[in-house]
Amino acid sequence: MKHRDFIGSLAALAVSPHVSTTDPLVWSFTRGMPVLPGRVKLEVPALAGNGHSVAMTVRVDSPMTPSDHVRAVHLIAAKNPVRDMAVFYLGACPRAEVSSRIRLNGSQRIVAIAELSDGSFWSDAAYIEVREAACTDGG
Amino acid sequence: MALARIDLPHEARRGELVEVRIVIQHPMETGFRRAPQGERVPRNAIHSLACRYDGAEVLRAKLSTGIAANPFLRLFLRATHSGALDLRWLDDDEVQGAAQTRLVVSP
């Protein structure tokens, strides 16, 4: 084994503690590539009174130049009926930051995965305690 | 026809970072909710959205029912020259929505 291959396999071992790369939803865009922790900051409140509308900001540490930029940010909910909440494809954005308001079906972990122009994936996760869930009122 | 509001500073200097806030009036119906008579309200959410500044795409998004009703988005763009900010979206009923505003850039 060549030295750089060995370093490469070490990097593959340093998988994200935030997601399982074999999760079909994650696999659908990573194609099994490692998802590394870091570079992404997912900001959500620790506690939400209800899950109907929760403020969310995701920020990626990137210079956003043509050679080094964020291609997309995937937002995944652990316990929503529709787990892929949103995908943001960044174009001529000078700052890799997007905010929105999300809907949550109960307390759960949210993961943001950023896909960079070099093909690498980075992630951050946050747990939100939701007192009253959205989505499933009355069935 | 859905309505949208795009908030921009009145004027920006060339090269300045501009914050754009978007709110679209849309129920983002999940498909799980029941009407008072008990029947299911069919799912209807905005699934695609694109925001262009002066012809160039700034942000494209695939949304789902995981986004709250009356979707809010905040993003940034670099003021280069005066031009249109064009927002388009499509929901599950294949109803297309659009909103436009103009960013005025002073040299």
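**A strand residue at the chain contact**

Modeller: A:S99 touches A:M56, A:T57 and B:R74, leaving out residues up to four places away in sequence; a contact here means C-beta atoms, placed from the backbone, within 7 Å. This is a predicted model, in which local features need pLDDT of at least 70, side-chain atom pairs count only at pLDDT 80 or more, and totals for chains, interfaces and linings use all residues. Residues are numbered from 1 along each chain as its sequence is written, while chains are lettered from A and ligands numbered from 1 in the order in which they are written.

A:S99 sits in strand 7 of chain A. Strands (E, at least two residues) and helices (H or I, at least four) are DSSP runs, numbered from the N terminus. A:S99 is partly exposed, with 16 other C-beta atoms within 10 Å. On that scale 20 or more is buried, 12 or fewer is exposed, and partly exposed lies in between, with C-beta atoms placed from the backbone.

Take the chain A side. A:T57 is 42 residues from A:S99 in sequence, yet 4.2 Å away in space, C-alpha to C-alpha. Strand 4 (residues 54-60) and strand 7 of chain A pair in the antiparallel sense over 6 bridges. Pairing requires at least two DSSP bridges. A:V98 in strand 7 of chain A is the bridge partner of A:V58. Both A:V58 and A:V98 are touched by A:V73. A:V73 is among the residues with the most contacts inside the largest nonpolar core, which has 59 residues. Such a core is a set of buried Ala, Val, Leu, Ile, Met, Phe, Trp, Tyr and Cys residues joined through C-beta atoms within 7 Å.

Now the chain B side. A:S99 stands opposite B:R74 in strand 6 of chain B. Strand 7 (residues 97-102) of chain A and strand 6 of chain B pair in the antiparallel sense over 2 bridges.

Last, the contact between the chains. Chain A gives 30 residues and chain B gives 27. On the side of chain B that touches chain A, strand 5 (56-63) and strand 6 (72-78) of chain B each give two or more residues. Strand 5 of chain B gives the most, with 8 residues.

Definitions and conventions:
Two residues are in contact if their C-beta atoms, placed from the backbone, lie within 7 Å.
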